[in-house]
Amino acid sequence: MNAWREASPTARLLLVAVLFTGLTTFMFLPLLAIELTAQGIPAGRTGFLVGLLAFSGQAFSLLTGLLVDRFGAHRVMAAGFLLRVLGYVLLGLGGAGAAAPLVAGIVAVGIGGSLLGLSTKTLLVSQDGADPRTMLALRSTFVNVGVVAGPALGAAVYPLGFGWILAACVLSHLVLGTCLVLRRSVTASRSRAAVGRAAVGRAAMGPAAAPAAGGAPAAPWTLRQWLPLCGLGVAYWAIYSQLNVLLPITANAMTGSAAAISVVFTANGLLVVLFQYTLLRHVFRRATARTLLVLGFLAFACAYATLIPLAGWYSLLAFVVPVTLAEMLIGPSLDEQAVSAAATRRTGLALGTMSAAGALGSLFGSSAGGYLLQSARDGSEVWLLLVGSSLAAAAICLLLPKVRTRHV
């Protein structure tokens with residue numbers, strides 16, 4: 001992979017961190033509710049705790065973005081690693097008879113994940129000479145390796161005890177966090193030395209040696225330009241969240257198999273791992289992010305249209321490819337647009353804004369999806385509404401400025 005070879009050592013280490021933290025996270029996440037129930041915690045409280053984990057990870061997105069811009073992505077990343085390690089340790093100490101460590105651990109893991117995710121994403125798109133689209137595509141690929149392999153690895157380890165999974169999470173975060181902090185220290189020392197040598201050289205050679213000023217950076221977007229992008233972030237996650245709400249119920253009803261949704265998620269993860277980078281780096285290399293967003297929402301419309309006939313496995317398998325295409329195009333393109341729209345030194349806030357829009361969309365989509373399924377007289381009505389929503393979002397994409405990505 002050329003992008004991997006061309007990436008800086010820091011970018012490679014960040015991607016390795018994304019891979020292994022994602023792998024251990026998805027070893028832990030699917031089994032959390034099972035473990036809490038096995039400890040004798042009632043189902044209602046278990047649902048609250050799992051929801052608290054998701055809320056803690058999403059609710060602080062805007063604040064995390066401000067912290068990244070104020071204190072620097074490296075410091076926020078280090079804090080994220082520490083919080084996650086502390087959270088996993090507290091989860092190991094908590095249980096049905098120790099509610100305080102359990103709740104504190106879940107909140108720490110959630111907030112730590114928010115700090116870690118946004119800071120690493122900011123660092124990746126800010127690497128010298130890095131193309132944000134390429135970095136975001138690589139990050140998405142590495143995350144989805146964890147999504148695919150993590151649950152299977154977790155299921156293999158779980159018979160040994162949930163503590164082993166928590167230990168793997170602690171160890172991976174400790175090792176990777178330490179490596180990234182040490183890497184930062186070495187890089188900072190070299191940078192200071194290089195700046196000092198350059199200053200001495202310029203002083204010796206006189207004013208003529210000063211570098212020419214570069215081109216002016218692109219102007220940041222106005223609020224009027226930001227609103228459609230935030231609206232698209234809400235729409236994307238509201239539509240995508242139906243994979244967790246409507247689709248499992250419908251897949252079971254259409255096929256008569258509770259494993260049908262697992263087939264969808266496994267195929268989706270594998271397709272993202274195999275084709276995400278190639279699609280954005282090569283196939284759509286010259287396309288603007290706005291064009292990719294339009295194509296992505298049109299793919300969403302095609303995906304949900306395949307479910308209108310309710311044709312069992314045929315509809316379900318036909319659904320997988322266009323919905324995966326939508327995911328591969330829209331997710332990274334929203335972040336790419338946010339990076340392009342951000343003012344100088346406000347990349348963290350821009351990415352945090354998109355994460356907050358995603359949290360709002362997920363909450364709205366999950367709530368509305370269940371209500372729609374209850375109130376619809378015909379199952380096809382729900383899918384028609386989602387097709388219409390996807391087409392409306394594709395039209396809103398045309399309100400965005402058609403700009404090329406600029407380097408942060």
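This report describes the fold, the nonpolar cores, the salt bridges and some selected residues of a predicted model.

Residues are numbered from 1 along each chain as its sequence is written, and side-chain values use heavy atoms, with hydrogens and water left out. Since the model is predicted, local features need pLDDT of at least 70 and side-chain atom pairs count only at pLDDT 80 or more, while totals for chains, interfaces and linings use all residues.

## Overall architecture

The chain has 15 helices and zero strands, where helices (H or I, at least four residues) and strands (E, at least two) are DSSP runs numbered from the N terminus. Of its 408 residues, 45% are buried; here buried stands for under 20% relative accessible area, exposed for over 50%, and partly exposed for what lies in between, with a 1.4 Å probe and protein chains only. The accessible surface of the chain is about 19000 Å², and carbon and sulfur atoms hold 69% of that area; such areas come from the Shrake-Rupley method with a 1.4 Å probe, and for residues only the protein chains shown count as cover. Among contacts with a separation of 6 or more, 83% join residues 24 or more positions apart, a contact being heavy atoms within 4.5 Å.

In soluble globular proteins, nonpolar side chains tend to be buried together. A nonpolar core is a set of buried Ala, Val, Leu, Ile, Met, Phe, Trp, Tyr and Cys residues joined through side-chain atoms within 4.5 Å. The largest such core in this chain holds 43 residues, of which Phe297, Phe300 and Tyr304 touch the most other members. At least two residues of this core come from each of helix H9 (223–240), helix H10 (246–255), helix H11 (260–283), helix H12 (289–305), helix H13 (313–341), helix H14 (347–375) and helix H15 (379–397), and H13 gives the most, with nine residues. Apart from this core lies another, of 22 residues, which includes Ala7, Leu116, Leu176 and Tyr277. Tyr304, when neighbours within four places in sequence are left aside, is in contact with Ile239, Gln242, Leu243, Phe319, Trp383, Leu386 and Val387.

Phe60 is in the loop between helix H3 (43–58) and helix H4 (61–71), and counts as partly exposed because its relative accessibility is 31%.

## Salt bridges

Side chains of opposite charge can pair when their charged atoms come close. The structure holds two salt bridges, each defined as a side-chain nitrogen of Lys or Arg within 4 Å of a carboxyl oxygen of Asp or Glu.

| Salt bridge | N to O distance |
|---|---|
| Lys121 and Asp335 | 2.9 Å |
| Arg133 and Glu336 | 2.9 Å |

Lys121 lies in helix H6 (residues 99–125) and Asp335 in helix H13, so this pair ties together parts that are 214 residues apart in sequence. Lys121 is buried at 10% relative accessibility, and Asp335 is buried with a relative accessible area of 11%. Glu336 lies in helix H13 and Arg133 in helix H7, so their pair ties together parts that are 203 residues apart in sequence, and both Glu336 and Arg133 are buried.

Arg133, found within residues 132–157 of helix H7, has 7% relative accessibility. A polar atom of the Arg133 side chain lies 2.7 Å from the backbone oxygen of Ala287. Not counting residues up to four places away in sequence, Arg133 touches Leu280, Phe284, Arg285, Ala287, Thr288, Ala289, Leu292 and Glu336.

## Other selected residues

Arg84, in helix H5 (residues 73–93), is buried with a relative accessible area of 11%. Beyond residues up to four places away in sequence, Arg84 touches Thr25, Ala108, Val109, Gly112, Gly113, Leu116 and His173. The C-alpha atoms of Arg84 and Gly105 are separated by 8.3 Å, with the two residues 21 residues apart along the chain.

Ser315 lies in helix H13 and is buried at 4% relative accessibility; leaving aside neighbours within four places in sequence, Ser315 is in contact with Met254, Thr306, Leu307, Pro309 and Leu310. Thr222, by contrast, lies in the loop between helix H8 (162–205) and H9 and is partly exposed at 44% relative accessibility. Thr222 and Ala341 are 8.6 Å apart in space, C-alpha to C-alpha, and 119 residues apart in sequence.

Definitions and conventions: Polar contact = N/O pair within 3.5 Å; in protein donor to acceptor, adjacent residues only side chain to side chain.
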